[in-house]
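Open the model in your viewer and keep the selection tool at hand. The stops follow one after another.

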Amino acid sequence: MSRTGDLRARIAAATTDRRVVNAVHLAAWRKVDARAESFAKLPHVEALRDKAAQIRQHVIENLPRYLECFVERATALGAQVHFAPDGAAACRTIAQIAAARGLSLAVKGKSMTSEEIGLNVALEATGVRVVETDLGEFIVQIDHDRPSHIITPIIHKDRRQVARAMAREFGCPYTEDPAELTKIARRHLRDIFRRCDLGITGVNLGVAETGTLCLITNEGNGRMTITRPRVHVALLGIDKIVPRLTDLPIFLKLLARSSTGQPMGAYTTLINGPKRPDDPDGPGELHVVLLDNGRSDILTGPLREVLRCVRCGACLNACPAYRNIGGHAYSSVYPGPIGSLLSPLLYGHAYDDLARVSSLCGACRLACPVQIDIPELLVRLRALACTRQPRAKRVLLRLWQWAMQTPWAYRLGQRLMRFLPDDGGGWTRHGPGLLRAWTDTRDLPCPAVRSFRSIWENELRDEH
Ligand code: SF4
């Protein structure tokens with residue numbers, strides 16, 4: 001995927017748009033509070049988080065075994081399982097399923113995995129019309145925008161923007177009333193649901209033991225998407241597996257609470273194969289597309305812990321950097337702390353700069369239901385990115401390392417620092433030469449009039 005502008009420019013643009021900053025701040029804080037309140041009522045929260053982390057870690061360490069088991073059971077239930085090594089292969093597979101059956105109108109549930117591979121654009125290019133049915137994603141689609149949060153795609157929009165988009169798209173009278181706006185969207189989507197022939201969803205978790213697909217939504221659109229069309233395609237990242245059906249309740253308890261503060265998602269659907277003869281509804285065909293797209297490489301690398309992620313979005317809400325710049329500044333499908341890790345791993349080194357969008361305060365680690373040590377992984381990612389820095393920068397860093405380990409060079413550096421300007425209050429805010437860029441975004445404390453070392457030497461002298 002391509003990126004727009006450089007990171008500094010995007011952050012500068014994002015922070016000057018006070019409307020977006022305020023909207024994101026308010027909505028994210030609300031979710032942080034709701035999560036805290038909801039977790040306070042849940043007994044044995046830490047034990048549950050421990051268990052969830054253990055299960056996910058165990059799965060990623062034994063992934064081939066669990067994947068094999070999942071494929072076997074899902075196939076036995078009547079699902080057709082397809083492997084997609086990358087995003088292009090997944091898009092091709094889904095386009096072929098549609099073309100072979102003459103399907104032309106797809107309804108889609110919210111799926112970050114489909115955003116990751118650009119599925120909508122790929123399908124539209126083959127003549128399949130794709131309509132988002134999650135309300136937030138639907139508004140993003142009709143407003144030709146991009147989601148800015150993995151759970152709350154329009155966290156950056158206020159109701160006036162939604163109202164304008166609806167009035168423009170449907171030619172209806174302008175209203176800012178959320179209930180009215182929802183009714184307008186529902187009327188439109190009902191008609192689409194009546195006519196659609198293909199349903200596409202992501203999957204929250206696949207169960208290896210039973211081949212079950214677990215899907216959690218809040219609007220009921222997920223159920224409509226899987227039951228109304230004659231063909232259902234479920235896109236599942238190979239990492240999103242749990243071993244047993246009895247593991248699911250642990251994640252159901254943590255996921256919605258982490259995302260929105262709800263005790264449970266409003267609709268939890270367990271899908272066991274396509275429609276059977278005595279079922280009242282359901283799709284005639286169920287296709288599960290298992291997407292790798294770089295996950296196998298992550299699995300064998302130093303950041304494999306990131307694959308524990310269940311995409312709850314709690315780390316985004318908790319992150320002060322995300323709350324101040326919003327999701328679009330990351331210029332990636334995956335924003336926030338988890339996006340800063342996933343984006344370079346999935347899309348390549350052009351996204352390495354995102355590892356710097358963090359103060360490493362640790363709020364994301366505390367919020368994560370599967371206890372991913374995001375700050376530690378970001379530091380590892382920064383270290384890896386350093387090895388790819390231009391030669392001149394690497395030489396400079398080596399010099400810095402040498403000076404910090406060599407007493408006379410360290411002392412000389414301390415003396416030289418006394419020539420830095422005091423821009424007020426004992427801080428250098430506009431450093432000269434090489435320090436200029438560094439002090440553009442940070443303040444450097446001026447050295448004390450007397451160094452600790454000289455005070456210490458004096459003390460020792462006085463004692464003797
Ligand atoms: S890293 Fe943790 S908190 Fe962030 S989205 Fe993934 S599971 Fe949720």
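Select Glu-305. Glu-305 counts as buried, at 16% relative accessibility. Buried means under 20% relative accessible area, exposed means over 50%, and partly exposed lies in between, with a 1.4 Å probe and protein chains only. Glu-305 sits in the loop between helix H13 (295-299) and helix H14 (314-318). Helices (H or I, at least four residues) and strands (E, at least two) are DSSP runs, numbered from the N terminus.

Now show what surrounds Glu-305. Setting aside neighbours within four places in sequence, Glu-305 is in contact with Gln-57, Ile-60, Gln-371, Ile-372, Asp-373, Leu-377 and Arg-380. Contact means heavy atoms within 4.5 Å.

A word on the ground rules. This is a predicted model, with residues numbered from 1 along each chain as its sequence is written. Local features need pLDDT of at least 70, side-chain atom pairs count only at pLDDT 80 or more, totals for chains, interfaces and linings use all residues, and side-chain values use heavy atoms, with hydrogens and water left out.

Go to Gln-371, one of the contacts of Glu-305. Gln-371 lies in the loop between helix H17 (363-367) and helix H18 (374-386). Its relative accessible area is 26%, so Gln-371 is partly exposed. Check the backbone: Gln-371 has a positive phi of about 50°, although it is not a glycine. Most residues other than glycine have a negative phi.

Next, select His-144. His-144 also has a positive phi of about 50° and is not a glycine. Look for His-144 in the loop between helix H8 (135-142) and H9. Is His-144 buried or exposed? His-144 is exposed, because its relative accessible area is 71%.

**Into helix H9**

Move on to Ala-163. Ala-163 belongs to helix H9 (residues 159-170). With a relative accessible area of 2%, Ala-163 is buried. Leaving aside neighbours within four places in sequence, Ala-163 is in contact with Tyr-174, Thr-175, Glu-176 and Leu-181. Draw a distance to Ile-139. Ala-163 and Ile-139 are 24 residues apart in sequence and 9.7 Å apart in space, C-alpha to C-alpha.

**A residue in helix H5**

Select Ile-94 in helix H5 (residues 87-101). Ile-94 is buried, with a relative accessible area of 0%. Which residues touch Ile-94, leaving aside neighbours within four places in sequence? They are Leu-119, Leu-123, Ile-200, Val-233, Leu-235 and Val-289. Then draw a line to Glu-459. Ile-94 and Glu-459 are 365 residues apart along the chain, and their C-alpha atoms are separated by 76 Å.

**A glycine in a loop**

Gly-327 comes next, in the loop between helix H15 (320-325) and helix H16 (336-347). Gly-327 counts as buried, at 4% relative accessibility. Not counting residues up to four places away in sequence, Gly-327 touches Ser-148, Tyr-322 and Pro-335. Asn-458 is 131 residues from Gly-327 in sequence and 54 Å from it in space, C-alpha to C-alpha.

**Rings**

Show the aromatic side chains. Rings of Phe, Tyr and Trp (its six-membered ring) pair if their centres lie within 6.5 Å; planes under 30 degrees apart count as stacked, over 60 as edge-to-face and the rest as tilted. By this rule there are five aromatic pairs. One of them is tilted: Tyr-347 and Tyr-351, 5.5 Å centre to centre, with 40° between the planes. Tyr-351 is buried, at 1% relative accessibility. Trp-402 and Trp-408 form an edge-to-face pair, 5.7 Å centre to centre, with 80° between the planes. Trp-402 is partly exposed at 41%, whereas Trp-408 is exposed at 53%.

Now find two arginines over rings. A charge sits over a ring if NZ of Lys or CZ of Arg is within 6 Å of the ring centre and within 35 degrees of the ring normal. The charged end of Arg-35 sits over the ring of Phe-39, 4.2 Å from its centre. Arg-65 lies over the face of Tyr-66, 4.8 Å from the ring centre.

**Zoom out**

Finish with the whole protein. Its C-alpha atoms fill a box of roughly 95 × 55 × 45 Å along the principal axes. Colour by secondary structure for 22 helices and 12 strands. Of the 464 residues, 50% count as buried. Among contacts between residues at least 6 apart in sequence, 72% join residues at least 24 apart.
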